[in-house]
Amino acid sequence: MSDKGWIVGWAAVVCATFMAPRVAMASVVNVALSADTSSNRAALPSFPTSKAVDGDLSFESRWVAPDFGSESNPIWLKVDLGHLYPIQEVGLYIPDGTDPFYFGWYVDYRLYSSPDDISWTQIADGRLITRDDPTDTLVLAGLSAKYLRFDAVGGTHWAHLGEITVLSPEADPVPEPSTLVIWSLLGTLGITVGWRRRRSSAA
Ligand SMILES: [Ca+2]
């Protein structure tokens with residue numbers, strides 16, 4: 001095979017290797033995990049806003065603001081995702097602990113998104129009820145956001161939220177092996193071409 005044939009062959013292998021793993025490596029990541037959070041109301045000391053994005057679903061890991069939210073005066077928790085992400089799904093959860101005293105509490109909410117912390121769009125509303133209906137899974141299509149805001153607008157108890165998860169299909173933090181494969185193959189290609197050139201020169 002000529003040098004040109006070797007180069008064309010290796011180029012085809014590189015292209016095929018590059019394209020295939022990119023499709024296979026597509027995954028979903030919770031981009032809200034450990035994100036920056038804030039609120040328009042001071043939280044109880046043991047229940048700061050960060051508890052709502054720590055990945056812990058226990059009763060002790062909640063955000064709790066010591067007041068009731070209302071339609072006209074919501075108490076909100078804002079999540080700064082750090083970047084504009086395509087959003088596939090948002091999960092909301094409130095835990096109930098083991099004491100029946102806490103069973104049946106509910107929080108009415110409205111959920112907003114924003115690309116810039118200035119312009120906000122309501123994307124959902126609902127009611128979370130401890131034990132009976134503590135989770136809402138909101139499947140979203142075509143939404144991109146940098147900020148999400150959970151407004152507590154009513155309920156039987158103070159504004160609170162156990163966890164918010166924000167799943168993005170394009171935020172895979174794992175380095176793509178395809179990149180390593182490409183450099184490996186390009187390195188091999190260079191060695192091959194160099195060797196063949198030296199061999200040709202020697203001949
Ligand atoms: Ca939590």
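Mentor: Start with one term: a residue is buried if 20 or more other C-beta atoms lie within 10 Å of its own, exposed if 12 or fewer, and partly exposed in between. Also keep in mind that this is a predicted model.

Trainee: How many helices and strands are there in the chain?
Mentor: The chain has 2 helices and 9 strands. In sequence order the pattern is α-β-β-β-β-β-β-β-β-β-α.

Trainee: And what percentage of the residues count as buried?
Mentor: 25% of the 203 residues.

Trainee: Which residues have the most contacts inside the largest nonpolar core?
Mentor: Leu 81, Leu 148, Leu 161, Ile 164 and Val 166, in a core of 34 residues.

Trainee: Which strand gives the largest share of this core?
Mentor: S4, with 9 residues. Strand S4 covers 75–93. Other strands that supply at least two core residues include S5 (106–114) and S7 (135–155).

Trainee: What does Leu 148 touch?
Mentor: Leaving out residues up to four places away in sequence, Leu 148 touches Val 79, Val 90, Leu 111, Ser 113, Ile 164 and Val 166.

Trainee: New topic. What is the phi of Arg 131?
Mentor: Near 70°, a positive value, and Arg 131 is not a glycine. Most residues other than glycine have a negative phi. Arg 131 sits in the loop between S6 and S7.

Trainee: Why is Arg 131 classed as partly exposed?
Mentor: Because 14 other C-beta atoms lie within 10 Å of Arg 131, which falls between the 12 and 20 cut-offs.

Trainee: Where is Asp 117, and is it buried or exposed?
Mentor: Asp 117 is in the loop between S5 and S6. Asp 117 is exposed, because the count there is 11 other C-beta atoms within 10 Å. Its phi is also positive, about 70°.

Key: Residues are numbered from 1 along each chain as its sequence is written. This is a predicted model: local features need pLDDT of at least 70, side-chain atom pairs count only at pLDDT 80 or more; totals for chains, interfaces and linings use all residues. Helices (H or I, at least four residues) and strands (E, at least two) are DSSP runs, numbered from the N terminus. A nonpolar core is a set of buried Ala, Val, Leu, Ile, Met, Phe, Trp, Tyr and Cys residues joined through C-beta atoms within 7 Å. Two residues are in contact if their C-beta atoms, placed from the backbone, lie within 7 Å.
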